[in-house]
Amino acid sequence: MMRVGAIDCGTNSIRLLIADVDDGRLTDVVRMMRVVRLGQGVDATGRLAAESLERTFAAAEEYGALLEEHGVGRLRFAATSATRDAENRQDFVDGIVARLGVEPEVITGDEEAALSFAGAASVLEAGRAEPVLVIDLGGGSTEFVLGAGGGVTAAASVDVGCVRLTERHLHDDPPTSEQIGAAVADVDAVIDEVAKTVPLDSAATVVGVAGSVTTVTAHALGLDSYDRNAIHAAELDIDRIAGVASGLLNMPRSERADLPYMHPGRVDVIGSGALIWERILRRLQAMTDGQVRTAIASEHDILDGIALSAADATSNGAA
C-alpha cells in the first residue's frame, strides 16, 4: 500500500485527494476543494489575473500542510484548461514549485481525457453496455472521452465550460433568451466539432463528472445538503435532468445561493454548467436515436485518475 497525493487545478477550482492505493484501489484519507477561479478573465485577456494566482497559491499552501501532516509519499499535480491558455503560466508554475516542491504538469486535453476516463469509469458495475462516454464538464473546457474494455478509443477537448460560457454570454440575472440562445449555439458548435473525431452516436452509456454535473444531480435529487454518497452513481433520466437544468439556468442567483447543496463558488456559473450538460445530453439522445436515455453522475473523476497514476513510479511529475 502506498499513500499518494493528487492535486487537480482547473479553471474554477483546485482540489486535493490524499489516498492510500492498494492493488489499484483508492481509499480516501483527505478529499477537499477550494474554489479559486484561476481562469477568471483568461478567455478575454489570455492571462492569469494576479488576484486569481493569490487565491490559488493560498490554497496550495493549505494543501501543502495537509500533505506533510498525512505523510504523502508521492504527489502529482495536474493543471488543466486555464493554464494551457495563459501567456503568464510560468508565474503559476513557479509559485506552485515554491510552495509544494513539485512542478505542476500543464497537461494536454488528451491527457486530461484519459485521466478523467480512468477515474469516472470506476463508478460502473460490470456488464454495463459499451462504449462508455465520459463527459468531464469543467470551468474552461469540456472533455468527451469514449472508451471500451477499460481503455480510451477516442477523445476530444473543447474550449467550452461553465466559467468560459458565463463570461462570454450569460451576463444578466437571470440570463435573457438571446444570451441563452448564443450559449446554446456555442455548445452545439463544439458538439458538431467533437462528432467529427469521436463517434458520439455509438455511445451506449454516459457518465458525467465534475461540479456542474454533480450539482445538477443534487438539485434533481432534492438533497438537503451536498451528499457525495447520494450523488455518486446516481442514474437519472435525461428528461428529468433537462427539467432541473432549465430551472437552475433561469433561477436568480440569490435563489441559487440559498440551495442547501450549492457551493458558494459555483453560484454564478451553475446556470451555464446546467445548460451545457442538458444540451450535450439532448444531442446524444438524438444522435443515438433514443438509445441513450439516462446519464450517470460520478464523484470519481480526473482527481482519482491523477491519484492512481501517482502510484505508478513512472508517472511524469510524481515526486
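Colleague: What makes β8 and β10 the edge strands of the open sheet of six strands?

Modeller: Happy to show you! In this predicted model, the open sheet runs in the order β8-β7-β6-β9-β11-β10, with mixed pairing. β8 (151-158) and β10 (235-237) each pair on one side only, and that makes them the edge strands. Neighbouring strands of the sheet are turned by 25° against each other on average, direction ignored.

Colleague: How do you know that β6 and β9 pair?

Modeller: Two strands pair if there are at least two bridges between them. Five bridges join β6 (residues 132-137) to β9 (residues 205-209), so they count as paired. These two strands run parallel. As an example, Ile135 has Gly208 in β9 as its bridge partner.

Colleague: What packs on the sheet, and which strands does helix α5 touch?

Modeller: Helix α5 (residues 109-120) packs on the sheet and touches β6, β7 (142-148), β8, β9 and β11 (294-298). Its direction makes about 60° with that of β7. Helix α10 (residues 238-249) also packs on the sheet, touching β10 and β11, and its direction makes about 80° with that of β10.

Colleague: Why is β11 described as mostly covered?

Modeller: Buried means under 20% relative accessible area. Four of the five residues of β11 are buried, and the strand is described as mostly covered.

Colleague: Why are α5 and α13 called roughly perpendicular?

Modeller: Their axes cross at roughly 95° and come within 6 Å. Angles of 65 to 115 degrees count as roughly perpendicular, and therefore that is the word for α5 and α13. In their contact, Glu112, Leu115, Ser116 and Gly119 of α5 meet Ile302, Asp304, Gly305, Ile306 and Ser309 of α13. The residues of this contact divide into three nonpolar, four polar and two charged.

Colleague: What makes you say that α13 is largely enclosed?

Modeller: Eight of its nine residues are buried, so α13 is largely enclosed by the rest of the structure. Among the buried ones are Leu303, Ala307 and Ala310. The buried residues of α13 pack against β1 (2-9), β2 (13-22), β3 (25-35), β4 (74-79), α5 and β6.

Colleague: How do you know that β2 pairs with β1 and with β3?

Modeller: Count the bridges again, with at least two needed. Eight bridges join β1 to β2, which run antiparallel, and ten join β2 to β3, also antiparallel. Asp20 of β2 is the bridge partner of Arg3, and Asp20 also stands opposite Thr27 in β3. A hairpin of three residues joins β1 to β2. The hairpin of β2 and β3 has two residues between the strands, and Asp23 takes a positive phi near 55° there. Nine of the ten residues of β2 are buried.

Colleague: What is the mean pLDDT of the chain, and where is the pLDDT below 50?

Modeller: The mean is 91, and 97% of the residues reach 70 or more. Over residues 314-319 the pLDDT is below 50. Where pLDDT is low, the predicted coordinates should not be read in detail.

Conventions. Residues are numbered from 1 along each chain as its sequence is written. This is a predicted model: local features need pLDDT of at least 70, side-chain atom pairs count only at pLDDT 80 or more; totals for chains, interfaces and linings use all residues. Side-chain values use heavy atoms; hydrogens and water are left out. Axes are lines fitted to C-alpha atoms, for helices over the stretch in contact, and angles run from 0 to 180 degrees between N-to-C directions. Contact means heavy atoms within 4.5 Å. Buried means under 20% relative accessible area, exposed over 50%, partly exposed in between (1.4 Å probe, protein chains only). pLDDT is the predictor's confidence in each residue, from 0 to 100. Angles under 35 degrees count as roughly parallel, over 145 as roughly antiparallel, 65 to 115 as roughly perpendicular and the rest as oblique. Ala, Val, Leu, Ile, Met, Phe, Trp, Tyr, Cys and Pro count as nonpolar, Asp, Glu, Lys and Arg as charged, and the others, Gly among them, as polar.
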